[in-house]
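Please look through the model below with its strands and its charged side chains in mind. The paragraphs that follow take up the strand pairing and then the contacts between side chains.

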Amino acid sequence: SMETLVRENRKSDQQRSEQFMTPVASVIEGGDVYMLNVEMPGVNKEGLEISVENNELTIIGRRSLAQVEGTLIHRESRPENFRRVFELDPSIDMSKISARIDQGVLTLTLPKAEQVKPRKITVS
């Protein structure tokens, strides 16, 4: 199971001064991979930072909000960046994780490690 970590990493001052929002995420199990979808509107490839350390997957998405010409009367989107940390199940092959972002939706493919995949035994 992939549980969100409640523990936030407070090591660096930079992270403490930055306000992060928690993006909406969903996990789908499909055969020998897990698909993790994280919604980060306004984030593109350049604004993404994804790292894996000690079974923790950290995703940071920095938004590139368009500069507003003229006077801003009303804006409901908040300028905060996104951050979410997942604890990865040991059954995931960390070295084979891949990511792509499309229309503000980040899709991470988390392959299950070889020893976890069901094996078909051929009966001779």
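A residue is called buried under 20% relative accessible area, exposed over 50% and partly exposed in between, with a 1.4 Å probe and protein chains only. The model is predicted, so local features need pLDDT of at least 70 and side-chain atom pairs count only at pLDDT 80 or more, while totals for chains, interfaces and linings use all residues. Residues are numbered from 1 along each chain as its sequence is written, and side-chain values use heavy atoms, with hydrogens and water left out.

Strands are DSSP runs (E, at least two residues) and helices likewise (H or I, at least four residues), numbered from the N terminus; two strands pair if DSSP finds at least two bridges between them. Strands of a sheet pair through backbone hydrogen bonds, either parallel or antiparallel.

An open sheet is formed by 4 strands in the order β1-β6-β5-β4, with mixed pairing. Its edge strands are β1 (20-21) and β4 (43-53), each of which pairs on one side only. Strand β5 (residues 56-63) pairs with strand β6 (residues 81-87) in the antiparallel sense over 6 bridges, and E56 stands opposite E87 in β6.

The charged side chains come next. Side chains of opposite charge can pair when their charged atoms come close. With a salt bridge taken as a side-chain nitrogen of Lys or Arg within 4 Å of a carboxyl oxygen of Asp or Glu, the count comes to 3 salt bridges.

One of them joins E29 and K112, whose closest N and O atoms are 2.4 Å apart. Because E29 lies in strand β2 and K112 in the segment after β8, this pair ties together parts that are 83 residues apart in sequence. E29 counts as exposed at 52% relative accessibility, whereas K112, at 10%, counts as buried. The charged end of K112 also sits over the ring of Y34, 5.0 Å from its centre, where the rule asks for NZ of Lys or CZ of Arg within 6 Å of the ring centre and within 35 degrees of the ring normal.

Another salt bridge is formed by the side chains of R62 and E49, at 2.8 Å from N to O. This pair links distant parts of the chain, with R62 in strand β5 and E49 in strand β4, 13 residues apart. R62 is partly exposed, with a relative accessible area of 23%, and E49 is likewise partly exposed, at 44%.

D93 and K96 also meet through their side chains in a salt bridge, at 3.2 Å from N to O. In this pair D93 is buried, with a relative accessible area of 16%, while K96 is partly exposed, with a relative accessible area of 48%.
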